[in-house]
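Dear colleague,

Please find below the structure that I am handing over to you, together with its sequence.

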Amino acid sequence: MAARGVGLWTRLPLGAQAGGRVQRPIHRLLSYPGTVAADLKREEQPSGNVETGSEDRTPQKRFSEVQKERREQAQRTVLIHCPNKISEKKFLKYLSQHGPINNHFFYESFGLHAVVEFSQKESIASLQNATRTPGLGTEAVIPFRSRFFNLKLKNPSNQTSEQSSLQCSDQSPPSSKRLFELLHYAESIDDQLHTLLRELQITEENTKLRYLTCSLVEDIAAAYFPYCTVRPFGSSVNSFGKLGCDLDMFLDLDELGKLNSLKTSGNFLTEFQVKSVPSERIATQKILSVIGECLDQFGPGCVGVQKILNARCPLVRFSHQACGFQCDLTTNNRIALKSSELLYIYGALDSRVRALVFSIRCWARAHSLTSSIPGAWITNFSLTMMVIFFLQRRSPPILPTLDYLKTLADAEDKCIIEGHNCTFISDLNRIKPSENTETLELLLKEFFEYFGNFAYNKNSINIRQGREQNKPESSPLHIQNPFENSLNISKNVNQSQLQKFVELARESAWILQQEDMDRPSPSNQPWGLAALLLPSVANSKALARKKRKRPTSERIKNLLESIKSNNTENSTDTNGKGTISTQA
């Protein structure tokens, strides 16, 4: 299901709410100790200085531990398509015949569905044994025993009178109008950024649904590879995912290799009879081709299956209608999972990181700097790297460099993937928190100043060392891949798109400098972050310049003068406040 983006913001009439303050909705976040949601919930609790991110540290679980717990939860979980008129009490009583239920929730996607987590895996086998294969009259069915069930009422009339209103979990982000109102009535720019994060981040229920989808795909793949695992990576697990984002997953066959490495006693060694192919890429293509065919023919809810096998990274793309996700399946993409773990660590180290990343991404999408369609646009991953780099450049730094995280690693953290050193510490509790106390308000403004005046013509962005370096190539924007150092993750960005980013960054810095940043505007005019999401003067001027040459807008000129005078007054340092070359 495609994500509902923020889109193009307009000056919406706030009418009835103008005299009062919008009541902030309660964000229902079901959480369990040690999970990602529990960590996020702890971040929101008022311990220490939440505004600056220097809150008291609570022990947090490693990325691998969280993934393991989530997978185990998913293996005890079933997906059930329910009739629209159903008694929740009777529904739970019926399923409880097969064993105790830990938790459940309902949601809508091509009908009403329920996600039910049992306490024991044996309960699923009991439910499957009590389930019949439907007959479709003149059509034949494929008798595939999955964990995706269809529930029907024997006597619908008896259920109607006892039906209670079901509380459905929302699997989509709020509308642009709703989000705009919440930002307008926030108490400060810091509060705006926290509000945006709270409304757009993946919920606990949505996280469970993502792991369940991977587990259902794993059930199909396990018919051929019994010890395989299907793991989510990217936005679904790195703590920077937005409600409605795609689900990236990879088929991990390394468990087979671990089993083969077990020592055996005796005078003989047994090996499986296998077929050989000329290269690992061809093996990947053959495996994905078969799994894609199985998903297409046997996978309940899997539609629109495309086998994109000639891409640089072969994949199978499909939609899981019942879960509401657009899915991409690859094999043995371990570097991508390691990148997800690195971002998870950075997001967990300081509460300001995720709030700033979500706001910058939302700003970029509102101005069409990013797109879900492949092209010359800046990607969300590149924007996240830019935010991390900026926070490494503060004084004192808010985030450590990747090289520093490598020095903290111990023997069990050592990780070499395809010749690339992907080693860094996995225990978040051993990383010293930052002493930086800057507000999100200041960081947002100076992010735009820093990258509005970055020397893109000669410097590259490198989070491994946390400092500007000479560009090794001529691409307009160069952001070094944190693990595959020879790769530029922003190689697709052309000069036109980079120039658009620079102009919008400068304009946004100018807008924030003109704001009364201590309190919201008393009128209905947008302010703070909301003002940054409105249609841009720079955008409209750029369109006009295509028709006829015009000088740079007065607004941009004033911005440059404002930034230059502001930077001249401050002492030059390395935290982004000093004078930086305006060559772009």
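**Notes on the model**

Pro396 is placed in the loop that runs between helix H13 (380-392) and helix H14 (402-407). The peptide bond leading from Ser395 into Pro396 is cis, with omega near -5 degrees. Please bear in mind that this is a predicted model.

Two further backbone features deserve a look. Ser368, in the loop between H12 and H13, has phi near 60 degrees, a positive value in a residue other than glycine. With a relative accessible area of 40%, Ser368 is partly exposed. Glu418 is not a glycine either, yet its phi is positive, at about 50 degrees. Glu418 belongs to the loop between strand S10 (416-417) and strand S11 (420-421), and it counts as exposed, at 62% relative accessibility.

**The chain as a whole**

The protein chain contains 19 helices and 13 strands. It has 584 residues, of which 52% count as buried. Of the contacts between residues at least 6 apart in sequence, 71% join residues at least 24 apart. The chain exposes about 28,100 Å², with carbon and sulfur atoms supplying 51% of that area.

**The five-stranded sheet**

Five strands form an open sheet in the order S5-S6-S9-S8-S7, and their pairing is mixed. Strand S5 (229-233) and strand S7 (302-308) are at the edges with a single partner strand each, so one side of each has no neighbour in the sheet. On average, neighbouring strands of this sheet are turned by 25 degrees against each other, direction ignored.

Strand S9 (residues 325-331) runs parallel to strand S6 (residues 247-252), and five bridges join the two. Within this pairing, Asp248 stands opposite Asp328 in S9, while Leu247 has Cys327 in S9 as its bridge partner. Strand S8 (residues 315-320) is also joined to S9 by five bridges, but here the strands run antiparallel. Arg317 has Asp328 in S9 as its bridge partner. The hairpin of S8 and S9 has four residues between the strands, and Gly324 in it takes a positive phi near 85 degrees.

How much of S9 is buried? Six of its seven residues are, so S9 is largely enclosed by the rest of the structure.

Asn333 lies in the loop that leads from S9 to H11. At 19% relative accessibility Asn333 counts as buried, because the cut-off is under 20%. Leaving aside neighbours within four places in sequence, Asn333 is in contact with Phe233, Phe250 and Cys313.

**Aromatic residues**

A search of the whole structure finds 16 aromatic pairs. In one of them, the rings of Trp363 and Phe501 have centres 5.9 Å apart and planes at 75 degrees, so this pair is edge-to-face. The pair links distant parts of the chain: Trp363 is in helix H12 (residues 351-366) and Phe501 is in helix H16 (residues 495-514), 138 residues apart. Trp363 counts as buried at 1% relative accessibility, and Phe501 likewise counts as buried at 1%.

For Phe451 and Phe454, the ring centres are 5.8 Å apart and the planes are at 40 degrees, so the pair is tilted. Both Phe451 and Phe454 are buried.

**A buried glutamate**

Helix H16 also holds Glu507. Is Glu507 buried or exposed? Its relative accessible area is 5%, so Glu507 is buried. The C-alpha atoms of Glu507 and Ser536 are separated by 8.2 Å, and the two residues are 29 residues apart along the chain.

Yours sincerely

Methods: Residues numbered from 1 in each chain as written. Predicted model: local features only at pLDDT ≥ 70, side-chain atom pairs only at ≥ 80, totals over all residues. Heavy atoms only, no water. Buried < 20%, exposed > 50% of the residue type's maximum accessible area, 1.4 Å probe, protein only. Contact = heavy atoms within 4.5 Å. Areas by Shrake-Rupley, 256 points an atom, 1.4 Å probe, with all protein chains shown as cover. Pairing = 2+ DSSP bridges. Axes fitted to C-alpha atoms, helices over the stretch in contact; angles between N-to-C directions. Phe/Tyr/Trp six-rings, centres within 6.5 Å; stacked < 30°, edge-to-face > 60°.
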